[in-house]
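Subject: Structure for your review

Dear colleague,

Please find the structure below, followed by a summary of what was found in it. I would be grateful if you could read the summary with the model open beside you.

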Amino acid sequence: VDEARRLVDAGHQEIVLTGIFLSAYGQSTALRRRQQEGGSSCPTSGTHVSPLARLIDALCTSVPGLKRLRLSSLEPGDLAGDLLSVLRSHAQITPHFHVPLQSGSDAILRRMNRQYTRDNFRRMIDDVRAAFDRPAFTTDIIVGFPGEADVEFQQTVDIADHARFIHVHAFPFSPRPGTAAARWKADFVHGPIVNTRIAELTSRAATASLEFRAQFLGQTMTVMVEPGDGPLRHGRSERYFSIHFDGGNMPAGRCVTVRVDRVAPARTHGSLVERPYP
């Protein structure tokens, strides 16, 4: 919290909590079944909460000037209970969630030693949609994990269609020496099949992104201006996607209000509504 205060005092308006297994913050293990309940209570919920939820509550209530708090990545099982309650209670939390799916097949998830099922993931998406106004979802998917036949891949597509991911980081399985999966050579999926599957996921995400962004035509969004040259500037909206607009010589790091004017497959265009300086 002290570090966040120093960053905000130095002019930073958005902070991203980043790492692997963020929900293991303050815990002795990343294994959910072995994590113990936290013993402290949260002023916003009045219940016992996890260390990560307590940290998020502290950042949002004890760091004046913090406009945005974003979480880089969460496991599907994280977005529930106390954490979801704390996230929805603070305006600084961006309605964008990067939740790695990896696979939509229960059989493949078991082989990956993941701590969730396809139904867990689907319910999580529904719960977050109920808690936030039009949240944006992005994800990671491993394509061609050993044993992924057409039916397993289609199960991944089905979950991706349900989540309507606006971006999918789909990447091919790569055997890592010493792991069990590296020894399952008889079940490896050939490259051309993997490439076709990645292309399908990427195409579906592009369609979902266009449809998602189109919901905001004519509406205003806050944009965190990123570095760039020339009058055409761009920045991330609270829902992760970038918006390009005429910003003159506006410096990076400013948080401005932009109206969404036009949505194209590769870019969202807007107009500056509120300028933070003369």
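This is a predicted model: local features need pLDDT of at least 70, side-chain atom pairs count only at pLDDT 80 or more; totals for chains, interfaces and linings use all residues.

Which residues of helix H3 (residues 81-88) are buried? They are Leu83, Leu84, Val86 and Leu87, where buried means under 20% relative accessible area, exposed over 50%, and partly exposed in between (1.4 Å probe, protein chains only). These residues cover an arc of only 165 degrees around the axis, which puts them on the same side of H3; the arc is that of the directions from the helix axis to the C-beta atoms. Gly81 and Arg88, which are exposed, sit on the face of H3 turned away from its buried side. Helices (H or I, at least four residues) and strands (E, at least two) are DSSP runs, numbered from the N terminus.

Residues are numbered from 1 along each chain as its sequence is written, and side-chain values use heavy atoms, with hydrogens and water left out.

Packing of the helices

The buried residues of H3 pack against helix H2 (51-62), strand S2 (68-71), strand S3 (96-98) and helix H5 (118-131), contact being defined as heavy atoms within 4.5 Å.

Two packed helices are described by the angle between their axes and the distance between the axes. Here, axes are lines fitted to C-alpha atoms, for helices over the stretch in contact, and angles run from 0 to 180 degrees between N-to-C directions. H2 and H3 pack at an angle of about 10 degrees, and their axes are 9 Å apart. That makes H2 roughly parallel to H3; angles under 35 degrees count as roughly parallel, over 145 as roughly antiparallel, 65 to 115 as roughly perpendicular and the rest as oblique. On the H2 side the contact is made by Leu52, Ala53, Ile56 and Asp57, and on the H3 side by Asp82, Leu83, Val86 and Leu87.

Helix H6 (residues 150-163) packs with H7 at an angle of about 15 degrees, the axes being 11 Å apart. H6 and H7 are therefore roughly parallel to each other. To this contact H6 contributes Asp150, Phe153, Val157, Ala160 and Asp161, while H7 contributes Arg197, Glu200, Leu201 and Arg204.

Salt bridges

Side chains of opposite charge can pair when their charged atoms come close. How many salt bridges does a search of the whole structure find? The search finds 13, a salt bridge being a side-chain nitrogen of Lys or Arg within 4 Å of a carboxyl oxygen of Asp or Glu.

One of these pairs joins arginine 70 to glutamate 14, with the closest N and O atoms 3.0 Å apart. Arginine 70 lies in strand S2 and glutamate 14 in strand S1 (residues 14-17), so the pair ties together parts that are 56 residues apart in sequence. Arginine 70 is buried at 8% relative accessibility, and glutamate 14 is partly exposed at 24%. Glu14 and Arg70 also belong to a network of salt bridges that includes Arg68.

A salt bridge also links glutamate 200 and arginine 204 (3.1 Å, N to O). The two are four residues apart in helix H7 (residues 191-214), and are thus separated by about one helical turn. Both are partly exposed, glutamate 200 at 27% relative accessible area and arginine 204 at 34%.

Arginine 134 and aspartate 133 form a further salt bridge (3.1 Å, N to O). Aspartate 133 is partly exposed at 46% relative accessibility, as is arginine 134 at 26%.

Loops and a strand residue

Arginine 134 has a positive phi of about 45 degrees although it is not a glycine, and is found in the loop between H5 and strand S4 (136-143). Asparagine 113, likewise not a glycine, has a positive phi of about 65 degrees. The loop between helix H4 (106-111) and H5 holds asparagine 113, which is exposed at 66% relative accessible area.

Finally, alanine 170 lies in strand S5 (residues 167-172) and is buried, with a relative accessible area of 15%. Not counting residues up to four places away in sequence, alanine 170 touches Ile141, Val143, Ile198 and Leu201. Alanine 170 and alanine 199 are 29 residues apart in sequence, and their C-alpha atoms are 8.7 Å apart in space.

Yours sincerely
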